[in-house]
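Hello! Here is the structure I promised to pass on to you. Have a look at it first, and then read my notes below.

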Amino acid sequence: MSKIFVDACFRKETPYTPVWMMRQAGRYLPEYMEVRAKAGNFLNLCHNPELAAEVTIQPLDIVGVDAAILFSDILVVPNEMGMKLDFLKGEGPVFDKPIKTEADLDALIGGEEAANKLTYVYETIKILKQRLPQDKALIGFTGAPWTLATYMIEGQGTKTYNLCKKMMYSNPEFLHKILRRVTDVVKFYMEKQIEAGVDVVQIFDSWAAAIEPSKYDEFSWKYMVEIAEYLKEKYPHIPVIIFPKGIAAFIERGLVYGNFDVFGVDWGTPMALAKEKLGEKYVLQGNMEPCRLYSKEATTMCVEAIQNIMGGTGHIFNLGHGILPDVPVENAIHFVKECQRVSKKA
Ligand code: 1CP
């Protein structure tokens, strides 16, 4: 059976425009909180294939999206490269020993050996392949090497990225060494997710906008291109989505080389601009501001506006970034229904 989400990634005709929500699992769903409590904490949940599969499926059943995004986190990759990781309440992810020196990097596990340690992710995918309805796609994912490196160097989320940027300008060779190590793991990681059964892969470059435009290609885009080229050569039937958040201004520079299928547009980028600059090369995904989910009226207005710009093939509805924990579930359901209503073909 064909999956409309995958067809849409390849710009094929579909009965309506498929929809999913970035970070669709999580704290806004009471059912998620129950399972997380059972697991004990967030990382335990990522490590438990049975429970991770359960929370992956929840948003499909509850809000009716067209694709499931694998439940995991981008930071399991540096964790399995050997960096001890904790998710602290109210503070988010923290690595106890960020990379400071060449010796710190050399101590990490690389390549396929690191990717092989992520067995719980592949197990989750295998369970999901058996449980997901045939017409729903499963999206696997990774963080972009740059976005992963920001956590590995800073040790946690950051507002200023000063350690990464100090390295970028005063020791760029070392930053490239880190990015190379991460890229080599991610290529194997994505390949193994595909072999385990994901239908689509997405690369999250959430902190793309931390890099100045003239440096973005060198420190992020080219590594994502390398990953995409590697995957496309082996698995041309698997769509590759990229989400470089907040680089509307870069679009002017025409960062359009690379073998990707879908470009995830963040909520700060006008959809009409994204269409003008990128719509011929990529299917566009996005891009409702997630806070509109607080109001059904604001949601409907935005969904209609996006449909007016994007109507037809070449689009997938999505939020323009992650869903917030205090969004009412019924408003999330409303978003999905409205996307399907406005885009349904007669
Ligand atoms: O239960 C909880 O309280 C933890 C909240 C949470 C969840 C639900 C975190 C911690 N990660 C996740 C799941 C997650 N993370 C998914 C699963 C699929 C989904 O539901 O959509 C995905 C795809 C991610 C990816 C992720 N993790 C990104 C990239 C996407 C994005 O939103 O930009 C990033 C930057 C992370 C790091 C991370 N993990 C968790 C938090 C709070 C953060 C961000 C910390 C920061 O702001 O630096």
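**Around Ile323**

Leaving aside residues up to four places away in sequence, Ile323 touches Met21, Met22, Arg23, Gln24, Tyr28, Leu293 and Ala332. Please keep in mind that this is a predicted model. You will find Ile323 in the loop between β9 (315-319) and α16 (329-343). Is Ile323 buried or exposed? Its relative accessible area is 11%, so Ile323 counts as buried, the cut-off being under 20%. One of its contacts, Gln24, lies 299 residues away in sequence, yet the two C-alpha atoms are 6.4 Å apart in space.

**The ligand**

Gln24 also leads us to the ligand: a polar backbone atom of Gln24 is 3.1 Å from a ligand oxygen. For Ala25, a polar backbone atom is 2.9 Å from an oxygen of the ligand. In Ser206, a side-chain N or O atom is 2.5 Å from a ligand oxygen. On its own the ligand has 890 Å² of accessible area, and the protein covers 88% of that. How many residues surround the ligand? There are 24, and the closest are Arg23, Tyr32, Arg36, Tyr151 and Ser206. Sorted by class, this shell holds 14 nonpolar, 6 polar and 4 charged residues.

**Helix α8**

Now turn to α8, residues 119-131. From first C-alpha to last, its 13 residues reach 19 Å, close to the expected 18 Å. Its buried residues are Tyr120, Val121, Tyr122, Thr124, Ile125, Ile127 and Leu128. They pack against several elements, including α3 (42-47), α4 (49-63), β4 (137-143) and α11 (172-196).

Enjoy exploring!

Technical notes. Residues numbered from 1 in each chain as written. Predicted model: local features only at pLDDT ≥ 70, side-chain atom pairs only at ≥ 80, totals over all residues. Heavy atoms only, no water. Helix = DSSP H or I, 4+ residues; strand = E, 2+ residues; numbered from the N terminus. Expected span 1.5 Å × (residues − 1). Buried < 20%, exposed > 50% of the residue type's maximum accessible area, 1.4 Å probe, protein only. Contact = heavy atoms within 4.5 Å. Near = heavy atom within 4 Å. Polar contact = N/O pair within 3.5 Å; in protein donor to acceptor, adjacent residues only side chain to side chain. Areas by Shrake-Rupley, 256 points an atom, 1.4 Å probe, with all protein chains shown as cover. Nonpolar A, V, L, I, M, F, W, Y, C, P; charged D, E, K, R; others polar.
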